[in-house]
Amino acid sequence: MIQPGSESLRKIAVVGRGTAGSLAAASVSRLHPDNDHELHHIYDSRIPVIGVGEGSWPSLVRQLQQLTDLPHETVQQRLRGTRKYGVAFEGWGRRNRDFTHYFTPQRVSYAYHLSADLVEALLRESTRARRIDARVLDIARVEGGALVELEGQTPELYDLVFDARGFPGKLDPDRHIDISFIPTNTAVIRRCPSIMGDRPDGPVLEHTYTRAVARPHGWIFVIPLTVHTSYGYIFNRNISRIDDVESDFDAFLDSDGVSQFEQRSVIPFPNFVHRQIYDGAVARIGNAAAFIEPLEATAIVSAQLQIGMVLNMRLNRRIEYLERDAPMVNRFLVDNVLCYGLFVGWHYSRGSVYDSEFWRHARDRVWPRHRSAADPEAVGCAALRKFDDMLELMNRPVIDKSDRDRMCGVPLTSYAQMSQGLGC
């Protein structure tokens, strides 16, 4: 197939080797039609890939098979993964019962629970790139492309740069949209023994779910991998003291029958979206583009969309359309993240089984900010209108067939499941 934009993508850089950077480098290797293009994968080896257990969405199962040409079962084993069929919520909402948000079709569609540090190793084998181990000082759009400035080296000019360097140092209102209607900002990560038990060789085929357990200071995720189980306590460091969170974490693990654990890290994070995810020459991806707390595992699926839209647009559209295409692609990507953010923030709108300071703050003070924070005039996209439309649809006695495939980040089926579970 002729791809008219490929001639304008002769030299590409991917900066960063986490999950987003690794997906981008492997995607360029797979999708670029010309073998003589130049791909540089740039990273600082002094910055480790954090081996946090992660959840994903079903689209990753298909993409990893396509990028690696390996069977699904082999990919799953290489990632020490299990099959995730949804998220099991415990203690959320006002109905005082547990419920599950399933992928659709229920109990058929699945994603992966995976070990993040193993994604890079897997995708590295499918990436044809010159690897450059260096500290990146700056990435900037310039006439003719994007300039990457490296410590101790001559700056390099590229046709396209995927920037996967992670969280910004601090949020700048002129550059970032603060997703202030999500009430958490810190994660305590622990690695515990596997709950999967001894198994014969071969992938784990049984249905597993990410557990999202409401706790007094926030909530705890439980991600089952084959060799260990990843636990994370998600909370707000401005509301709760770290000692109190650690103490409640200990109590939860004790009630879960976990007698030992490895303390991995304490990770502060912003909930945000960059106003300029894509400018035509620089594509921010992964945590450089946006981040939303991990409640619905939106990080990897957001990176997949960012990489896929930018790369396919650049390959399939002539270069003379770039100035017109880039703002439309950017607006769509910003809109998509804000839709995810509204969906996740809405989870807190009905509180939990705990009448604690955190949950009162989340329900009564933080979530009500969503209308001003996502106002179309402030964010430049229609995410809030789409979210309101989804809530209005669910209040109808009958939903027309033409509306059943509506989306606001996630499909109507997800909104319906969460609405019923939370007691909206």
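These legends go with close-up views of a predicted model.

**View 1. A sheet of three strands, β8-β9-β10.**
This open sheet has the strand order β8-β9-β10, and its pairing is antiparallel. Two strands stand at the edges: β8 (136-142) and β10 (156-158). Each has a single partner strand, so one side of each is left without a neighbour in the sheet. Neighbouring strands here are turned by 25° against each other on average, direction ignored. Strands of a sheet pair through backbone hydrogen bonds, either parallel or antiparallel.

**View 2. Where β9 meets β10.**
Strand β9 covers residues 145-150. Three bridges link β9 to β10, in the antiparallel sense. Which residue of β10 is the bridge partner of Val 148? The partner is Glu 156.

Strand β13 spans residues 186-193. This strand is mostly covered, with six of its eight residues buried. With strand β16 (residues 228-235), β13 forms eight bridges in the antiparallel sense.

**View 3. Ile 234, a residue of strand β16.**
Ile 234 is found in β16. Is Ile 234 buried or exposed? Its relative accessibility is 0%, so Ile 234 counts as buried. Now look for Asn 316. Ile 234 and Asn 316 are 82 residues apart in sequence. In space, the two are 41 Å apart, C-alpha to C-alpha.

**View 4. The largest cavity.**
Rolling a probe the size of a water molecule over the atoms shows where empty space is left. A search of the whole structure finds four cavities of 30 Å³ or more. The largest cavity has a volume of about 70 Å³. Its lining includes Gly 286, Asn 287, Ile 292 and Val 337. Two elements give two or more residues to this lining: β20 (290-291) and α6 (298-316). Which element gives the most? Helix α6 does, with four residues. By type, the lining of the largest cavity divides into six nonpolar, four polar and no charged residues.

**View 5. The second largest cavity.**
This cavity has a volume of about 50 Å³. Among the residues that line the second largest cavity are Ser 22, His 41, Tyr 43, Glu 120 and Arg 131. The elements that give two or more residues to the lining are α1 (19-31), β2 (38-43) and α4 (116-124). The largest share comes from α4, with three residues. How do the lining residues of the second largest cavity divide by type? Three are nonpolar, three polar and three charged.

**View 6. Helix α7, residues 322-346.**
Helix α7 has 25 residues. From its first C-alpha to its last, α7 reaches 36 Å. That is close to the 36 Å expected at 1.5 Å a residue. Of the 25 residues of α7, 19 are buried, so the helix is largely enclosed by the rest of the structure.

**View 7. The loop between β5 and β6.**
Most residues other than glycine have a negative phi, and most peptide bonds are trans. A cis peptide bond joins Thr 104 and Pro 105, with omega about 0°. Pro 105 has its place in the loop between β5 (99-102) and β6 (111-115). Arg 107 lies in the loop between β5 and β6 too. Arg 107 is not a glycine, yet its phi is positive, about 65°. At 45% relative accessibility, Arg 107 counts as partly exposed.

**View 8. Ala 297, in the loop between β20 and α6.**
Where is Ala 297? Its place is in the loop between β20 and α6. What is the phi of Ala 297? Phi is positive, about 55°, although Ala 297 is not a glycine. Ala 297 has a relative accessible area of 11%. Buried means under 20%, so Ala 297 is buried.

How values were computed
Residues are numbered from 1 along each chain as its sequence is written. This is a predicted model: local features need pLDDT of at least 70, side-chain atom pairs count only at pLDDT 80 or more; totals for chains, interfaces and linings use all residues. Side-chain values use heavy atoms; hydrogens and water are left out. Two strands pair if DSSP finds at least two bridges between them. Axes are lines fitted to C-alpha atoms, for helices over the stretch in contact, and angles run from 0 to 180 degrees between N-to-C directions. On a 1 Å grid over the protein atoms alone, a cavity is a set of points where a 1.4 Å probe fits but cannot get out, and a pocket is an open set with protein on both sides within 12 Å along at least five of seven lines; lining residues have an atom within 4 Å of a point. Grid points are joined across faces, edges and corners, and a volume is the space filled by probe spheres set on the points. Ala, Val, Leu, Ile, Met, Phe, Trp, Tyr, Cys and Pro count as nonpolar, Asp, Glu, Lys and Arg as charged, and the others, Gly among them, as polar. The expected span of a helix is 1.5 Å times one less than its number of residues. Buried means under 20% relative accessible area, exposed over 50%, partly exposed in between (1.4 Å probe, protein chains only).
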